[in-house]
Every structure is written in structure tokens, then in C-alpha cells.
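Student: Could you walk me through how to read a few features in a structure? I'd like the general idea, then the case at hand.

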Amino acid sequence: QVQLVESGGGLVQAGGSLRLSCAASGSFLSINAMGWYRQAPGKQRELVAHIRSGGSTNYADSVKDRFTISRDNAKNTVYLQMSSLKPEDTAVYYCNVIMIAATLRSVEFWGQGTQVTVSS
């Protein structure tokens with residue numbers, strides 16, 4: 001019943017900006033943490049940023065000072081504002097959510113992925 005819907009990916013020139021969104025819907029009690037991962041061709045998936053329920057955030061060193069993660073608890077949505085994009089940011093970006101399900105168990109969900117392509 002839980003679904004994550006990602007949006008906001010696309011093609012942008014180096015130095016440009018994009019905002020990714022991920023909305024969680026369905027039956028669950030609460031969301032503990034939300035984050036963004038990315039995977040480039042031939043590389044392993046890596047953490048980009050995540051935000052906890054209290055608002056604390058972590059960022060990969062490669063995106064610090066360029067990306068900002070935020071969440072709207074009322075909408076169960078997490079955002080990733082990406083600025084000063086570089087070609088090396090090109091990857092499929094995946095939303096990740098850790099929530100307390102209706103069964104009272106902690107469950108991890110992944111979005112379908114959205115392509116971000118940065119041209120030089």
C-alpha cells in the first residue's frame with residue numbers, strides 16, 4: 001500500500017539547477033528518515049543526502065554547499081534542491097524512506113529512480 005513517487009529529474013547544463021521531489025503515500029504510522037541516493041553507470045549506489053525526523057541532515061562531500069535536502073512533513077515529501085550542477089552529478093537518483101509501517105515494524109522503501117543528466 002505504500003508508494004514513493006519521484007519527480008523532477010531531467011537534462012540541464014552545467015551550472016544549472018534542478019529540484020527533485022519524492023512523495024510517500026499509503027498506510028504508515030510515521031516516517032523516521034528520508035534520503036536521496038544516486039547511481040552512475042558502472043558505479044555503486046551512493047548516499048547523496050538524508051534528513052532525519054528532527055531535521056538533522058547529512059551530505060556527501062561531493063555535494064556539500066551545492067545540494068540542499070528538505071522535507072515537508074505535512075505532505076510526506078522530501079526534496080533535493082540541486083544547484084551548480086556538474087557533469088559528474090549525472091546519475092539515476094533514488095528516493096529512500098525509512099518508516100514505521102502499520103504493522104509497527106520499521107520498513108525501508110525505495111523510489112523508482114529519476115534520471116539527472118548534466119551536460120558540459
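This is a predicted model: local features need pLDDT of at least 70, side-chain atom pairs count only at pLDDT 80 or more; totals for chains, interfaces and linings use all residues.

Student: Leaving aside neighbours within four places in sequence, which residues is Gln44 in contact with?

Tutor: For contacts, look for heavy atoms within 4.5 Å. Once the neighbours within four places in sequence are set aside, Gln44 touches Arg38 and Gln39. Gln44 sits in the loop between strand 4 and strand 5.

Student: Is Gln44 buried or exposed?

Tutor: The cut-off for exposed is over 50% relative accessible area. Gln44 comes out at 70%, so Gln44 is exposed.

Student: Now His50. Where is His50 found, and does His50 count as buried or exposed?

Tutor: His50 belongs to strand 5, residues 46-52. Buried means under 20%, and His50 counts as buried because its relative accessibility is 13%. Its side chain makes a polar contact of 3.0 Å with the side chain of Asn58. With neighbours within four places in sequence left out, the contacts of His50 are Met34, Gly35, Ser56, Thr57, Asn58 and Ile69.

Student: How do I read an aromatic pair?

Tutor: You describe two aromatic rings by how far apart their centres are and by the angle of their planes. The count here is one aromatic pair. The ring centres of Tyr37 and Trp110 are 5.0 Å apart and the planes sit at 65°, so this pair is edge-to-face. The pair links distant parts of the chain: Tyr37 is in strand 4 (residues 28-39) and Trp110 in strand 10 (residues 106-110), 73 residues apart.

Student: What is the relative accessibility of Tyr37, and what is the relative accessible area of Trp110?

Tutor: Tyr37 has 22% and counts as partly exposed. Trp110 has 35% and is partly exposed.

Student: Which ring faces does Arg45 lie over?

Tutor: For a charge over a ring, look at the distance from the ring centre, within 6 Å. Arg45 lies over the face of Tyr94, 3.8 Å from the ring centre. Arg45 also lies over the face of Trp110, there at 4.7 Å from the ring centre.

Student: How many residues does the largest nonpolar core have?

Tutor: Think of a core as buried nonpolar residues joined through their side chains. The largest one has 29 residues, and Trp36, Val48, Phe67, Val78, Leu80, Met82 and Tyr93 have the most contacts inside it. Strands that each supply at least two residues of this core include strand 3 (18-25), strand 7 (67-72), strand 8 (77-82) and strand 11 (114-119). Strand 9 gives the most, with five residues.

Student: And which residues is Leu80 in contact with, leaving aside its neighbours within four places in sequence?

Tutor: Leu80 is in contact with Leu18, Arg19, Leu20, Trp36, Val48, Ala49, Phe67, Thr68, Ile69 and Tyr93.

Student: How many disulfides does the structure hold?

Tutor: One. For a disulfide, check the distance between the sulfur atoms, then the torsion about the S-S bond. The disulfide joins Cys22 to Cys95, with S to S at 2.1 Å. The torsion is about -85°, so the disulfide of Cys22 and Cys95 is left-handed. Because Cys22 lies in strand 3 and Cys95 in strand 9, the pair ties together parts that are 73 residues apart in sequence.

Student: Are Cys22 and Cys95 buried or exposed?

Tutor: Cys22 counts as buried, at 0% relative accessibility. Cys95 is buried as well, with a relative accessible area of 0%.

Methods
Residues are numbered from 1 along each chain as its sequence is written. Side-chain values use heavy atoms; hydrogens and water are left out. Helices (H or I, at least four residues) and strands (E, at least two) are DSSP runs, numbered from the N terminus. Buried means under 20% relative accessible area, exposed over 50%, partly exposed in between (1.4 Å probe, protein chains only). A polar contact is a pair of N or O atoms within 3.5 Å; within protein, one must be able to donate a hydrogen and the other to accept it, and residues adjacent in sequence count only if both atoms are side-chain atoms. Rings of Phe, Tyr and Trp (its six-membered ring) pair if their centres lie within 6.5 Å; planes under 30 degrees apart count as stacked, over 60 as edge-to-face and the rest as tilted. A charge sits over a ring if NZ of Lys or CZ of Arg is within 6 Å of the ring centre and within 35 degrees of the ring normal. A nonpolar core is a set of buried Ala, Val, Leu, Ile, Met, Phe, Trp, Tyr and Cys residues joined through side-chain atoms within 4.5 Å. A disulfide is a pair of cysteine sulfur atoms within 2.5 Å.
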